[in-house]
Amino acid sequence: MAMNKNTVLAWATWIMIFVGLALIALGAFRYDDIAGWGFASVGIGFLANAWVFNALKGRV
């Protein structure tokens with residue numbers, strides 16, 4: 001299976017979505033103190049990067 005640029009960006013997008021949602025879930029359900037806010041904000045950053053990667057598909 002040959003992976004071109006769009007396939008790599010698609011895989012990276014899905015991985016970053018999964019990690020971002022996992023970090024948000026950790027912040028929401030595992031940590032009750034201020035660390036939960038940090039996990040959730042990093043998770044939102046991962047989702048923002050995944051959005052950028054998705055927007056780059058077909059343009060790079």
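Throughout these legends, a residue is buried under 20% relative accessible area, exposed over 50% and partly exposed in between, as computed with a 1.4 Å probe on protein chains only. The views show a predicted model, in which local features need pLDDT of at least 70, side-chain atom pairs count only at pLDDT 80 or more, and totals for chains, interfaces and linings use all residues. Residues are numbered from 1 along each chain as its sequence is written, and side-chain values use heavy atoms, with hydrogens and water left out.

**View 1. The aromatic pair of tyrosine 31 and phenylalanine 39.** Tyrosine 31 has a relative accessible area of 29% and is therefore partly exposed. Phenylalanine 39 is likewise partly exposed, because its relative accessibility is 27%. A pair of aromatic rings is described by the distance of the centres and the angle of the planes. Rings of Phe, Tyr and Trp (its six-membered ring) pair if their centres lie within 6.5 Å; planes under 30 degrees apart count as stacked, over 60 as edge-to-face and the rest as tilted. The count by this rule is one aromatic pair. In that pair, tyrosine 31 and phenylalanine 39 are stacked, at 4.8 Å centre to centre with 10° between the planes.

**View 2. The crossing of helix 1 and helix 2.** Helices (H or I, at least four residues) are DSSP runs, numbered from the N terminus. The axes of helix 1 and helix 2 (residues 34-56) approach within 7 Å and cross at roughly 165°; axes are lines fitted to C-alpha atoms, for helices over the stretch in contact, and angles run from 0 to 180 degrees between N-to-C directions. Helix 1 is therefore roughly antiparallel to helix 2, a term for angles over 145 degrees. By class, their contact has 18 nonpolar, seven polar and no charged residues. Here Ala, Val, Leu, Ile, Met, Phe, Trp, Tyr, Cys and Pro count as nonpolar, Asp, Glu, Lys and Arg as charged, and the others, Gly among them, as polar.

**View 3. Threonine 13 and its surroundings.** Threonine 13 belongs to helix 1 (residues 5-30) and is buried because its relative accessibility is 6%. Residues up to four places away in sequence aside, threonine 13 touches Ala50, Phe53 and Asn54, where contact means heavy atoms within 4.5 Å. Tryptophan 51, located in helix 2, is 38 residues from threonine 13 along the chain, with 7.4 Å between their C-alpha atoms. At 67% relative accessibility, tryptophan 51 is exposed.

**View 4. Leucine 9 in helix 1.** Leucine 9 is buried, with a relative accessibility of 14%. Neighbours within four places in sequence aside, leucine 9 is in contact with Phe53, Leu56, Lys57 and Val60.

**View 5. Aspartate 32 in the loop between helix 1 and helix 2.** Aspartate 32 counts as exposed because its relative accessibility is 76%. Aspartate 32 and alanine 10 are 22 residues apart in sequence, and their C-alpha atoms are 33 Å apart in space.

Terms used. Helix = DSSP H or I, 4+ residues; strand = E, 2+ residues; numbered from the N terminus. Parallel < 35°, antiparallel > 145°, perpendicular 65-115°, else oblique.
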